[in-house]
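Here is a short briefing on helix packing and a ligand site. Please look over the sequence and structure first.

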Amino acid sequence: MEKAFEELEKIYTEVEALLKQQTIVCHCCGKCCDFSKNGMRLYIFRLERLYLLSKLGSPLSLKDGKCSGQNQNLCSLHKYRPLGCRTQFCTHTFQEIYEIFAKKIQEIEIKYNIEYEYAEAFES
Ligand code: SF4
Ligand code: SF4
């Protein structure tokens, strides 16, 4: 599984490099991680779920409607956050970038025989 995680990390690095070329306005207010209020949902791939589990030791969950990864409006697991968190902002969703890299994640899953699952990130 480590190899698959390394490939996922490479994908995240590529995503970040592409996003650096975009204009992103973010005031770090943390509202996009408060799912009780923002009306959004966060979906992740199984590989991302396994990766988070390996890094954090527990799955993401909601605490009072907020992602358990949030700490004082900031993401405490910024380095490990899933593709959806990287590409969705309150002002803009980078849908095209999301789709390109979602496909690449699925290719890694196929390569390493990871069963397909695309589901809500938060476990209770
Ligand atoms: S992207 Fe999230 S943290 Fe940034 S300004 Fe919008 S709601 Fe706040
Ligand atoms: S993983 Fe980080 S960016 Fe994503 S919802 Fe949780 S706190 Fe927010």
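**Helix packing and a ligand shell**

The axes of α1 and helix α2 (residues 46–56) come within 10 Å and cross at roughly 105°. Helices are DSSP runs (H or I, at least four residues), numbered from the N terminus. Axes are lines fitted to C-alpha atoms over the stretch in contact, and angles run from 0 to 180 degrees between N-to-C directions.

The model is predicted: local features need pLDDT of at least 70, side-chain atom pairs count only at pLDDT 80 or more, and totals for chains, interfaces and linings use all residues. Residues are numbered from 1 along each chain as its sequence is written, while chains are lettered from A and ligands numbered from 1 in the order in which they are written.

**α1 with α2**
- α1 and α2 are therefore roughly perpendicular (65 to 115 degrees).
- Ala-4, Phe-5 and Leu-8 of α1 touch Leu-47, Tyr-51 and Ser-54 of α2 (contact: C-beta atoms, placed from the backbone, within 7 Å).
- This contact has 5 nonpolar, 1 polar and no charged residues (nonpolar: Ala, Val, Leu, Ile, Met, Phe, Trp, Tyr, Cys and Pro; charged: Asp, Glu, Lys and Arg; polar: the others, Gly among them).

**α1 with α4**
- Helix α1 (residues 2–20) and helix α4 (residues 95–111) have axes that come within 10 Å and cross at roughly 170°.
- The pair is therefore roughly antiparallel (over 145 degrees).
- The residues of the contact of α1 with α4 divide into 10 nonpolar, no polar and 2 charged.

**Ligand 2**
- Around ligand 2 are residues including Cys-33, Cys-67, Cys-75 and Cys-85 (near: C-beta atom, placed from the backbone, within 6 Å).
- The shell around ligand 2 has 6 nonpolar, 2 polar and 1 charged residues.

How values were computed:
Helices (H or I, at least four residues) and strands (E, at least two) are DSSP runs, numbered from the N terminus. Angles under 35 degrees count as roughly parallel, over 145 as roughly antiparallel, 65 to 115 as roughly perpendicular and the rest as oblique. Two residues are in contact if their C-beta atoms, placed from the backbone, lie within 7 Å.
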